[in-house]
Structure formats: C-alpha cells, structure tokens
Amino acid sequence: MIRPDLSLPIPADIGAAHFIGIGGSGMSGLAGMFLDRGIRVSGSDRADSPTMRALAARGATVHVGHDAAHLPDDADTVVHTGAIWPENPEFLLAKERGLHVIHRSQALHWLIGGRRLVSVAGAHGKTTSTGMIVTALRGLGTRPTFVNGGVIADLGVSSGTGDDDLFVIEADESDGTFLLYDTSVALITNVDPDHLDHWATRDAFYEGFVTFADRAREAVVISADDAGARRVAAGLTHRNVLTFGEAESADVRLTSIVTEGPVAFALTHAGRTVEARLAVPGAHNAVNAAGAVAVLIALGHDLERAVRAVEGFGGTARRFELHGVTRGVSVYDDYAHHPTEVAAALAAARTVVGSGRIIALHQPHTYSRTQEMFREFADVLESHADHTVVLDVYGAREDPVPGVTGELVSGAFTDPENVHFVADWQAAADYTASVARDGDFVVTLGCGNVNLIIPQVLQSLARTGE
C-alpha cells in the first residue's frame, strides 16, 4: 500500500483531476463532488462497477484496469487511495510528470475548505453514525455537504453537495488521515485498537484519537461505555466534551432498549427523556443513534427534534442490507470485518430472525487481520451464528501469507459440525443453499467483495427448491 504523505502541499487549483481507484465508494463520491464543482474528472479502477458507469454518465472519463495510457495528457492533479500498489503505472507516470499527486484525504480536505466540519471517527459504527447525522440534518431543514463510507439508503448516494455551511464526513483513523481535517465537532463512536500496521503500538493508536478530539474547535462527542473511548476521554483537555451511552454518567443517556424487531429505546439529556424507535434493528444502532443525537445537540438542536430526525434514518448499503428472499430464506449483506462488528451484526439479525436460524457466510479480510484475529472470529461466529460457511481470505492490498487462509478461522471452531470452509464460491453458494431452510437468514460478512456471491446464493436457493 501507499502510505499518505500528509506533509505534501495541496494545490490551491486542482485543475483536471485523475482518480486512481475511482470505483470505490469513497473515491467515487469524491469524484462526483469534483464534477459538482465543474472540475474535469477521469479515473480508472481494476473492475467495472455501477459507480464508474454513473460517473461516466455525468461526464467523467473512466477506464477499467490500470495503465499509464489512462492518465490524460492534460491531467493536473492525481488523487489516489492508500490501497494501490506503489508500482501502479498511472501513479508512477504522474510522479514522473511532476503532477500534484495527493491522497484521497487531501482531496477531501480541499473540498471541505473552511466549512464547519463534523468528523465521525471510531473503529465501528462510523458509516451508520454519519448516515444518521446527515439524514437527521436534512430532516431538520439543513442541507449539509457530506462524504460517507457507504451509500445512505434514503438518499441513494454516499456523498452529496449541499448549500449549507455544514460539512459531515466519515473520518478515517486507519492511516491517521483524520488528523488532517480542521474539525469543529468530533464524534468518536468507540476506540478498538486496529490498523497497527500504521500506528505500530496501541498507545500510539489511542494518542491519535486524543489528538484528533482535542483539535476539535467546538465540541467532542464520545462514548461513555466503550473502554477505549473512556481511555481517550481521560486524556482529553478539551473544554466541551459531551458523552453518550448507557452509563449513568453519560450526558446523553441511553435506556430501555428493546431489540425485538426495529430497535426502540429512550434518550435522556439535561433532565428530559424522549422515546425513540428506529427503522433498523440491533442494540448497536441504538448506541449509534445516541451518538448522532449528541452531535445534533452539540450543533444546537433540541433533544426531541433531534431524536425525531434520527428516527428517519433508513440504513446504509452493506449494513444488514436485505438482497432477496428465495424459498423462504432471506439473504442479507453486512460490511462487518472485525470481530466486534460481526458480533453486532449477528446480534441484530438474531433480534429479527424469529424462529429461523442464522447462517453466516464469512469472508476474512486481509491476511494480517486473519492471522492476528482468526480465533476471535471463530469464537464470535460460533457464538452468534447457527452455522458458518467460511470463504478464503480477501487480501485487498496485501500479498498472500503462506498458511493464512479461511481455513484458519474454520479450524478454530470448537465444534467442526458448525462450520464449513469452502474456497470455491459456487461450491460455497451451493452448500449454503443446501443447509438453509424456510425462515433462515443467510448473512454475508466482510468488507471485501463477498457481497458479489449473493446472486449465486439466491440462484442456488432457487435451484434447490425446484
């Protein structure tokens, strides 16, 4: 991967921009916002996608595959993700030409300009929390500009250009780029040490969050329940910290959680209590909503109006998203790729599956995370799913590591009857269909491309029902 060099200058005039990796949810959103600004956009990605086709329909020049020939002669600035290889031919040619070459976080910094910024950070729940805040602000009559890590269901997009001074982003701690932004209100959902390939130590990871929060110009909103967040909060010197969660000490306190079906709960702030009910399931979403409401309070909104606005949130793509029902089997997709996230996603599924079973279709993400956490994944999957099908590792930016496959996860189950490792996707889809029965939920889990197996699963279910 290419580590972002945040010391590089960001050009005042972007000129014509070329995006390497334009098809990703974050990069495509940025490219779309550049088009909104009237900037000429081109880009490439390794595979075609609906997002690339949508950008092409708006006037962008897009290419499938990475090739030096795809970099336009008149490009002024090249925007890249950290996930591309240093040997990427477009990246190398841009360097050779002396073009401005910036990380996507620097492109986002340029877009933000001097606007009032809400930055959402944390190990888990960022995309959902960002979506809740954006949806609620729109419901309150505000039209913020936003960049999220996933598509907001009600809006059908992951980013959008508004006419208000507010700008809301999902800020990335994985490579430290959340320290680049001039944040006004910082939301920290939780702090679960990860991405130590960048941070090196857990202490450095925690200190990064302390720095991020203390730099917020107006307020810090942070979990009162999460152990990592409490550690960060203890190190803050900020004068305006608003906590949320189930803890008695929380400024925005979450109580009376009912998880059967769409989650219901109560929020209390400054002596007032408001009942709430979301359109999405899971206790973790009640926690996300509490954080979103706390942000709205920090922005000056009334508790009850904030709660009502957050209730309008309809979910985000790849967060317990239903893709189809065949032969009575519901097939969902979730982006969960860390043991904590997998536990939350499957716990949410359990609240709505009724008497049906949960079949997890898990794709481990990256060799390094699989090698470090395969036992934790196995424990969570075995505890929360009735049966698990494990695919092979999605390596993303990493080279394969000998001996690190999906079989590491399946082999760590205490009862081998509860798990099946299948490297071949069609065989995995067929096996999943063979064990699923009417009323069951199949849930694909992972932030790689595991969602692409869903059509195969639905087709296999249909065939087994013939």
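Biologist: Which residue in E4 is the bridge partner of Ala17?

Modeller: The partner of Ala17 is Thr77. This is a predicted model, in which local features need pLDDT of at least 70, side-chain atom pairs count only at pLDDT 80 or more, and totals for chains, interfaces and linings use all residues. Residues are numbered from 1 along each chain as its sequence is written, and side-chain values use heavy atoms, with hydrogens and water left out.

Biologist: What makes E1 and E4 a pair?

Modeller: Pairing requires at least two bridges found by DSSP. Strand E1 (residues 17–20) and strand E4 (residues 77–80) have 4 bridges in the parallel sense, so they count as paired under that rule. Strands here are DSSP runs of E, at least two residues; helices are runs of H or I, at least four, both numbered from the N terminus.

Biologist: Why is one side of E3 and of E5 left without a neighbour in the sheet?

Modeller: The open sheet has the order E3-E2-E1-E4-E5, with parallel pairing. Strand E3 (61–64) and strand E5 (100–103) are at its edges, each with a single partner strand, so one side of each has no neighbour there.

Biologist: What joins E2 to E3?

Modeller: The two run parallel, joined by 4 bridges; His63 in E3 is the bridge partner of Ser44.

Biologist: Why is the unit of E2, H2 and E3 called right-handed?

Modeller: A crossover has that name because, with the strands pointing away from the viewer, the path from the first strand over the helix to the second runs clockwise. E2, helix H2 (residues 50–57) and E3 form such a right-handed β-α-β unit.
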